[in-house]
Number of protein chains: 2
Amino acid sequence: MPLPDKYKNFSEWYEKVTEEAEIIDKRYPVKGMLVWKPYGFKALKLTIGILERLLEEYGHQEAYFPMLVPEEIFAKEKDFLEGFSGETFVVERTISKKLARKFLLRPTSETVMYYMFSLWITSYKDLPIKLYQTVNVFRYETEQTHPILRVREIIRFNEAHTVHATPEDAERQIMEGLEIYSKFFDELLIPYIILKTPPWDTFSGAEYNFDFFALMPDKKAIELGSVINLGQKFAKAFEIKFQDSDGKWKYVYQTCYGVSERVVGVLISIHGDNRGIIFPPNVAPIQIVIVPIPGEEMLDKILEKCRKIFERLKKSGFRVHLDGRREITPGRKYYWWEFLGVPLRIEIGVKEVEEGRVTIARRDLFKRVVVSDEELEETIRRLFREISEELYRRAKKWLESNILTASNIEEGLKLYKKNGGGILRFP
Amino acid sequence: MPLPDKYKNFSEWYEKVTEEAEIIDKRYPVKGMLVWKPYGFKALKLTIGILERLLEEYGHQEAYFPMLVPEEIFAKEKDFLEGFSGETFVVERTISKKLARKFLLRPTSETVMYYMFSLWITSYKDLPIKLYQTVNVFRYETEQTHPILRVREIIRFNEAHTVHATPEDAERQIMEGLEIYSKFFDELLIPYIILKTPPWDTFSGAEYNFDFFALMPDKKAIELGSVINLGQKFAKAFEIKFQDSDGKWKYVYQTCYGVSERVVGVLISIHGDNRGIIFPPNVAPIQIVIVPIPGEEMLDKILEKCRKIFERLKKSGFRVHLDGRREITPGRKYYWWEFLGVPLRIEIGVKEVEEGRVTIARRDLFKRVVVSDEELEETIRRLFREISEELYRRAKKWLESNILTASNIEEGLKLYKKNGGGILRFP
């Protein structure tokens, strides 16, 4: 059964693709909580792995802070408490008995971490601190939930938290955060715009934040991540002070920035087409699938060559899969792996064995090239680059063609309505 | 201040080492829940990474199942419910409102996963299933908690779950599980004994389990992990059935096996000495520390050589740290990095610069070797092997010298008392 058109009926396309292409299973009987299948989970792990690598390169260290927050610590910063009280789950008992205290399931870890920072920091020599963790957090979303994009258990929330001696240092850290996220979304081939949020949409407990937005196929903007300047609000609530080189005690300045598995939902949405997912090669759980084309003769030789190429590519560090299933035709295999978004397919039949060549098919353009066995790795690397360029070009075009420039609100709303969505710009 | 003796006063030694050597911070104000500092967290990540690699090599795939379990699913298997009801946390509200249903924080994921397995499995072609996940789980321990070893939030519970068509397949899987865990503990240089547990100590909902035990410095045995044959108990509770090749519908057979961050607490305990931690090279967050020995002259050349060696070792894939702090003497640096368990230290001073050599000191034997710059990588690899052998030899000796052979219970208890602990064997 063909997929619905991605642009005309995005919501249905998205539900079908995430559910049927081995990404998630939404039949788990709690609203907004999903089972991630191995194929989808691998894509998620590779995606978050890129961000973790970038954070480490910029001097952040990974740590772990507990999931349960004592109520009295959660309540210390009043804006934060107010902002999160509707969506924060509470634990007050075990199955068999009531507990003496109440605990909250972290919706984000500011309060947990900053309580500890107040113990860790005493001198200007302790600064800056640049930490991150990738953890599950819980938010009782009252809006409609959507698989991966809006959930109640966020299973991979990557949150970085930094502490500084001066407001200038914190500002510089905000710039670094923006740089890290820009590189991250670039590697995922997701074009974005950055907005400084207006006061009424600022993170609870923050001075201001920059949000990254992408444009989905239904022409709606979606938030990808936030880089937040917390100023001294938490420092004052948690009494995070240090003795400066001049001997005086001062409150610290803080920033934080966060991204979640939502980026995987976004990259699936943005890069896919009407045949299914197209994974960028760097986050594809399977980068190359090998499909034997059994001719009337030489079946053994074909399978032998498939196995050899498989072993060779595996050794070269590619994520490669050999689809050796006998009961399924090559054509059906093509459709299946196209649906799952594998960027390259290698076909090996009688001709390929006889001529010492392989046929490589691209997922993005459905074009085939034939190359000699010797040129294989080099060609794959080149095609990965070309596929990435093509995916980025398409995504960029989509975003840019839906940025609407207007000189006033009224004109803007008209343009927005006519375009059926998009992003409004007021120069 | 010197450490207490590891064997005479293990508990104090352990508390001091884990708290002061950058592993954890137990000042987080919830009993049994710890903050992991970057250094400790890195050791944990490397350790669990070894297990995940082994599980993948044996054909297991990583997935993710939600943390909150609806009460009615949790209650399906009666032994399981009874076994875990005392230690399982309950969520029934958000800060601002009561929820319509009750949810439990997973103490382990049998019920969450097996509910899904009942949806996934319909045919013998769907079997076997071999999945794992590494997640946080919660157990309200009523016994005294100990940092890392006995906690209420287990932050890295690696649980594998398998499903099979026949009891023989499940038995074979149990053997595979034992093999994987044996290799895992071997790589951590932790000698172990395996026991089939008596009925009164069997996992809730299981037919039988094999437990791995190590011997701690206080001569008490500690459980490292379990490999569990679940038989058909959960299959019947969750109606997990498949249509076999003979057309008949049958219940599946299941196994599961689990390990947690406790292994990091155990390896710190077993390998450490009275100067602190000794990390096995394969899980050491820092494998090599470079300490410049500033002479009266040539300071620039010394620092330059340190930086060169640092870059070179980093490029070769070693986890290396250059301790360039100026205000601290080399002697104090030695003590600090010995305390933190870095397996090798490289010292570079005037002589090392003049002669084109480096001095390498071993953490386990405090022996130094001097090698030419050219031989560096090769020597490091050899020393890593030798350190691993030495650590394993010591640990094995400790275990074996505390296995007490007795011909009856009475004699056994006498021997145990006289030895101040150990493991009793009745041939």
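**Figure 1. Helices α2 and α6 of chain B pack against each other in this predicted model.** Helix α2(B) spans residues 38-57, and helix α6(B) spans residues 167-187. Their axes come within 10 Å and cross at roughly 145°. The crossing of α2(B) past α6(B) is right-handed. From α2(B), the contact draws on B:Thr47, B:Ile50, B:Leu51, B:Arg53, B:Leu54 and B:Leu55. These meet B:Ile180, B:Tyr181, B:Lys183, B:Phe184 and B:Glu187 of α6(B). Seven of the contact residues are nonpolar, one is polar and three are charged.

**Figure 2. Helices α2 and α6 of chain A pack at an angle of about 150°.** The axes of α2(A) and α6(A), the latter covering residues 167-187, lie 10 Å apart. Here α2(A) passes α6(A) in a right-handed crossing. On the α2(A) side, A:Thr47, A:Ile50, A:Leu51, A:Arg53, A:Leu54 and A:Leu55 make the contact. On the α6(A) side, the partners are A:Ile180, A:Tyr181, A:Lys183, A:Phe184 and A:Glu187. The contact of α2(A) with α6(A) divides into seven nonpolar residues, one polar and three charged.

**Figure 3. Seven strands of chain A form an open sheet with mixed pairing.** The strand order is β3-β7-β8-β14-β11-β10-β9. Strands β3 (61-62) and β9 (193-196) of chain A are the edges, each pairing on one side only. Within the sheet, β7(A) and β8(A) run antiparallel and share nine bridges. Strand β7(A) covers residues 129-138, and β8(A) covers residues 153-164. A:Val137 stands opposite A:Ile154 of β8(A).

Figure 4. Chain A contributes 57 residues to the contact, and chain B contributes 57 residues. On the chain A side, A:Tyr28, A:Tyr64 and A:Ile95 lose the most area to chain B. Together these three make up 15% of what that side buries.

**Figure 5. Salt bridges span the interface of chain A and chain B.** Four are found between the two chains. A:Lys45 and B:Glu52 form a salt bridge. Their closest N and O atoms are 3.3 Å apart.

Terms used: Residues are numbered from 1 along each chain as its sequence is written. Chains are lettered from A and ligands numbered from 1 in the order in which they are written. This is a predicted model: local features need pLDDT of at least 70, side-chain atom pairs count only at pLDDT 80 or more; totals for chains, interfaces and linings use all residues. Side-chain values use heavy atoms; hydrogens and water are left out. Two strands pair if DSSP finds at least two bridges between them. Helices (H or I, at least four residues) and strands (E, at least two) are DSSP runs, numbered from the N terminus. Axes are lines fitted to C-alpha atoms, for helices over the stretch in contact, and angles run from 0 to 180 degrees between N-to-C directions. A crossing is left-handed if the near helix is turned anticlockwise from the far one by less than a right angle, and right-handed if clockwise. Contact means heavy atoms within 4.5 Å. Ala, Val, Leu, Ile, Met, Phe, Trp, Tyr, Cys and Pro count as nonpolar, Asp, Glu, Lys and Arg as charged, and the others, Gly among them, as polar. Buried area is the accessible area (1.4 Å probe) that two parts lose on being put together, summed over both. A salt bridge is a side-chain nitrogen of Lys or Arg within 4 Å of a carboxyl oxygen of Asp or Glu.
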